[in-house]
Amino acid sequence: MSFREQLQFNWQRVGFSTPITQINDGNLKNWLNVLDRLPCIGSTTTELDELVRVSVPRLSSKKCDLISSAVDALIPWRKGPFSLFGLEIDAEWRSDLKWKRIVDKIDLSSKRVLDIGSGNGYFGFRMLEAGAETVTGLDSSMLPVMQAALINHFAKLPNIVLPVRFGVDDWALKYDVAFSMGVVYHQRNHRAHIAGLYESLHKGGLAVLETIVADSPIYPKDRYAGMRNVWCIPSLESISDAMTAEGFSSVRVADVTVTTSSEQRTTQFMPFRSLANVLSPTDPKLTIEGYPAPKRAVILAEKH
């Protein structure tokens with residue numbers, strides 16, 4: 001089965017029927033041309049740990065080169081790390097560090113999980129490791145969707161990332177656990193996003209919301225830490241109150257951690273600006289715009 005045939009099959013299996021030929025992205029044709037040249041590899045071994053690793057005992061140099069070309073074609077890699085047949089993909093984010101702060105505070109055993117703003121599926125693989133039955137990722141950008149498809153072309157696990165814009169595209173399935181990590185501050189209407197998170201859950205379901213927070217809400221005039229499209233950095237109190245107002249109960253803060261360059265940095269596979277480039281050169285506690293530097297919180301809440 002070719003790359004695009006398997007991709008379409010995986011999408012249809014979780015309820016997404018849009019043909020890949022109908023997706024409007026100027027880079028998609030070139031990506032598919034590279035990915036369709038991926039080699040056929042039989043049985044593989046996938047290890048789900050800090051480093052999500054797909055391997056076989058032996059692989060020819062020609063096949064390794066084809067895989068390396070596909071990985072390079074999909075730069076930048078934001079989430080990771082991955083190892084694909086010996087090629088270690090050191091992504092911008094050490095996502096394993098964030099996952100360590102979350103995993104012991106939740107129960108994913110036999111759960112159907114929704115991962116909103118999933119990126120390339122790294123967290124989805126870790127969710128499977130933690131016992132999830134299936135993970136459906138939604139992301140509005142085709143690049144991480146294709147990265148996820150590349151990894152899962154060989155891993156063949158129930159962690160499928162779809163090109164769906166949560167809250168915009170129609171996606172009405174319900175889940176036992178719903179994650180929204182690094183998404184809410186990119187929403188013009190964060191209350192609408194939280195309401196959608198609530199509606200995505202079965203009764204008794206768990207929401208895991210991860211966001212940048214500040215001591216008091218920040219409404220950036222232009223950019224925040226170099227990022228466009230940041231509408232509001234909430235405070236812990238304001239985001240917790242918003243979740244309660246939208247119907248969640250048992251709202252509690254599971255973690256607050258200042259982001260450092262050990263966790264987010266420029267790498268070979270993300271060779272562009274990263275955290276160190278968007279902090280004030282004279283005061284690393286501030287962004288280059290003068291706002292408080294990023295600290296991130298994990299908030300848990302339930303739908304009763």
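## A walk through the chain

Start by selecting Pro76, which sits in the loop between helix 3 and strand 3 (79–80). Helices here are DSSP runs of H or I with at least four residues, strands are E runs of at least two, and both are numbered from the N terminus. The peptide bond joining Ile75 to Pro76 is cis, with omega about 10 degrees.

A word on what you're looking at: this is a predicted model, where local features need pLDDT of at least 70 and side-chain atom pairs count only at pLDDT 80 or more, while totals for chains, interfaces and linings use all residues. Residues are numbered from 1 along each chain as its sequence is written, and side-chain values use heavy atoms, with hydrogens and water left out.

**Next stop: Pro81 and Phe85**

Move along to Pro81, in the loop between strand 3 and strand 4 (82–84). Here's another cis bond, from Gly80 to Pro81, with omega near 15 degrees. Now click Phe85, in the loop between strand 4 and strand 5 (87–89). Its phi is positive, near 55 degrees, and it isn't a glycine. Most residues other than glycine have a negative phi, and most peptide bonds are trans. Phe85 counts as buried because its relative accessibility is 11%; buried means under 20% relative accessible area, exposed over 50%, and partly exposed in between (1.4 Å probe, protein chains only).

**Select helix 2**

Pick residues 28–35. Leu28, Trp31, Leu32, Val34 and Leu35 are the buried residues of this helix. Looking down the axis of helix 2, you'll find them within an arc of 160 degrees, so they line one face; the arc is that of the directions from the helix axis to the C-beta atoms. Lys29 and Asn30 are exposed on the other side. Show helix 1 (3–13), helix 3 (61–73) and helix 6 (142–155) too, as they're among what covers the buried residues of helix 2.

**Over to helix 8**

On the way, stop at Ala225, in the loop between strand 11 and helix 8. Ala225 is not a glycine, yet its phi is positive, about 50 degrees. With 9% relative accessibility, Ala225 counts as buried.

Now select helix 8 (236–245). Its buried residues are Ile239, Ser240, Ala242 and Met243. Viewed down the axis of helix 8, they fall within an arc of 160 degrees, so these too line one face. They pack against helix 7 (190–199), strand 11 (201–213), strand 12 and strand 13 (295–302). After helix 8 comes Gly247, with a positive phi near 115 degrees.

Then take Phe248, in the loop between helix 8 and strand 12. Is Phe248 buried or exposed? It counts as buried, at 3% relative accessibility. Leaving aside neighbours within four places in sequence, its contacts (heavy atoms within 4.5 Å) include Ile194, Leu197, Tyr198, Met243 and Ala301.

Follow strand 12 (residues 249–258) to Val258. Val258 counts as exposed, at 52% relative accessibility. Beyond neighbours within four places in sequence, Val258 is in contact with Pro294 and Lys295. Draw a distance to Pro271, 13 residues apart along the chain: the C-alpha atoms are separated by 23 Å.

**Zoom out**

Of the 304 residues, 51% count as buried.
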